[in-house]
Amino acid sequence: MIVVKHVCKIYQTGTVETIALDNISFTIKKGEFVAIMGPSGSGKSTLMHILGALDQPTKGTYELDGINIGQADEDELADIRNQKIGFIFQAYNLLPRTTALKNVMLPMIYAGISKQERIKKAEQYLKMVGLKDRMEHTSNQLSGGQQQRVAIARALAMNPAILLADEPTGNIASSQAEEIMKIFTDLYQRGHTIIMITHEANIASHAKRIIHIRDGKIINN
Amino acid sequence: MNINELISEAISTLKINKMRTGLAILGIIIGIGSVIALVSLGQASQLSVTNQIQSLGANLLTVNPGSQNSGAVRGAFGGGTTLTNSDAKAIENSKTIITIKAVSPEVQRRAQVTTGKNNTNTQIIGATETYAGIHKITIAFGVFITQRDVDNMSKVAVLGPQVVTDLFGEDVTNPIGQSIRVNGQSLRIIGITAAKGGSGFQNQDDIIFVPLSTAQKQLFGISYLSSIAIEAKNHDVMTETQNQVGYLLLEEHKLTDPTQADFSIFSQNDILNTASQVTGTFTLLLSGIAAISLLVGGIGIMNIMLVTVTERTREIGLRKALGAKKKTIITQFLIEAIILTITGGLIGMLLGVGISYFVSSAMSLPFTISPSSVALAIGVSGAIGIIFGWYPAKQAANLQPIEALRYE
């Protein structure tokens with residue numbers, strides 16, 4: 001459950017104030033599949049960072065599962081990112097020259113999960129995204145679509161409250177993009193909460209709810 | 001994230017760029033290796049010099065004829081004729097000097113020595129029975145010169161092992177009973193000394209000992225002494241003894257002004273102190289140079305780690321996004337740096353020990369590795385890892401995840 005209330009994000013560059021987010025409020029319930037759409041410069045990346053606990057709002061409150069993210073300190077934010085949020089980046093961001101299995105295990109290392117348990121879970125999620133035969137491949141031996149699937153498995157590893165995908169198909173050939181979206185739809189049907197940022201309408205159409213933002217304001221929810 | 005996991009993470013990261021890891025380690029290997037090698041070689045040569053000086057006798061004072069500084073009598077060093085048997089007797093029988101253990105009047109000259117077929121030029125020492133005790137001569141075969149030999153002016157000789165080899169060949173070790181000729185006199189061999197080795201001041205094995213009286217009267221036709229060796233009772237009374245002997249000899253020689261003295265007294269302490277000061281200075285100098293290379297190695301590690309931080313900015317951002325805390329990132333980078341330096345330190349230590357082993361055996365120095373220098377090497381390399389790894393690690397941990405993820 002995500003509750004965003006009157007969130008503002010203001011960047012100060014010298015004396016110039018840039019308002020990236022202007023009084024944004026919305027609620028996303030558990031199990032929803034939401035797309036956030038907007039042109040570049042609309043503030044959707046800033047919103048994404050705040051939702052992902054990578055950044056904190058200047059004004060307003062953001063509650064994730066009842067935790068006020070705005071009040072958390074740096075270490076608490078790290079724990080929240082680790083336990084509550086699964087990131088899927090446009091550029092995959094896998095560790096280079098590291099196997100798919102080890103990439104998926106990474107967030108579990110920071111959570112202090114035992115090695116046996118880590119391997120078991122990583123294998124389970126890699127199977128789920130259809131990479132059963134690619135577990136020992138290093139990231140540079142995988143195609144873009146396969147790398148993104150590893151990233152999805154990694155996002156799922158800690159069984160987070162929300163999956164946060166930033167242009168997940170932006171770097172992927174359209175044929176593979178469909179497969180990725182199929183995985184998202186599948187995860188949605190299994191009850192995962194998914195928030196996806198995109199500017200492509202056909203990708204957004206997979207979501208069950210679309211939030212349009214422009215100039216830091218919600219124009220259509 | 002526990003320490004074992006951090007270590008295995010660090011090792012797998014370091015393995016990814018083997019070339020760079022190897023070069024970073026190389027700097028530390030050379031630094032630590034040269035520190036250990038140079039320190040242990042320095043200590044070995046110090047020990048060797050000390051041993052050689054002490055092998056000439058312990059708590060030793062040597063009276064030489066000739067002036068101490070400017071004066072009436074100014075013969076060449078050791079070439080004077082001012083020391084006599086009665087001086088030695090006076091020192092030995094003195095009632096006031098109670099700190100002396102033994103006195104050994106000595107005559108030294110080089111002479112040609114022949115047997116039936118071979119000949120050699122060697123050092124002839126006229127000695128009394130106290131000589132062996134004072135100068136730590138041990139007998140391998142037969143006996144050393146006795147008081148009776150001196151009293152009877154016996155025509156006997158005790159040979160050093162080098163002389164035996166020179167005169168009788170490699171195969172003969174015990175030619176007791178055979179004769180040698182020195183300055184026209186035939187001497188019967190009664191003993192062979194044990195090999196002492198060393199070539200610092202004089203070869204202790206290339207010597208022939210004859211009774212003092214025989215040397216003075218039969219071989220060289222002189223009545224003076226080349227030197228008088230005095231063994232003090234212990235180390236602490238050496239200066240006192242040196243002074244007392246000085247006064248006694250001035251009195252014997254009927255001199256009132258110490259600056260006019262026609263003899264000089266050397267203390268073994270002086271030589272020992274000077275020698276170990278010199279070698280100590282060299283050791284310090286060499287260690288200083290080695291320490292500089294260690295510092296350069298440390299800066300190399302810091303450089304590599306800083307490059308790594310820049311290169312891995314995105315990775316650090318990702319790790320933070322996935323839940324790594326500041327502390328975890330610092331620890332990870334510090335552990336990487338420490339692994340580099342400790343690995344380098346251990347290899348460097350083996351290298352240093354190896355080098356000093358080979359060099360010391362090649363130069364026939366005693367092989368010593370002081371545990372303190374090994375502990376120092378490990379400690380220093382670990383400390384270098386922490387000191388030079390800290391700044392890059394801090395830089396890495398302070399990266400903002402958003403900025404770091406955007407970094408190209």
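In chain A, strand S3 (residues 33-37) and strand S8 (residues 193-198) run parallel and are joined by five bridges. One of the partner pairs is A:Phe33 with A:Ile194 in S8(A). Strands here are DSSP E runs of at least two residues, helices are H or I runs of at least four, and both are numbered from the N terminus. Two strands pair if DSSP finds at least two bridges between them.

This is a predicted model: local features need pLDDT of at least 70, side-chain atom pairs count only at pLDDT 80 or more, and totals for chains, interfaces and linings use all residues. Residues are numbered from 1 along each chain as its sequence is written, and chains are lettered from A and ligands numbered from 1 in the order in which they are written.

Back to the sheet. Six strands of chain A form an open, mixed sheet, ordered S6-S7-S8-S3-S9-S10. Strand S6 (85-88) and strand S10 (217-220) of chain A are at the edges with a single partner strand each, so one side of each has no neighbour in the sheet.

Now the chain contact, where residues count as touching if their C-beta atoms, placed from the backbone, lie within 7 Å. Chain B gives 17 residues and chain A gives 19. On the chain B side, helix H1 (3-16), helix H10 (313-321), helix H11 (326-362) and helix H13 (401-406) each supply at least two residues. Which helix has the largest share of that side? H10(B), with five residues.

Terms used: Contact = placed C-beta atoms within 7 Å.
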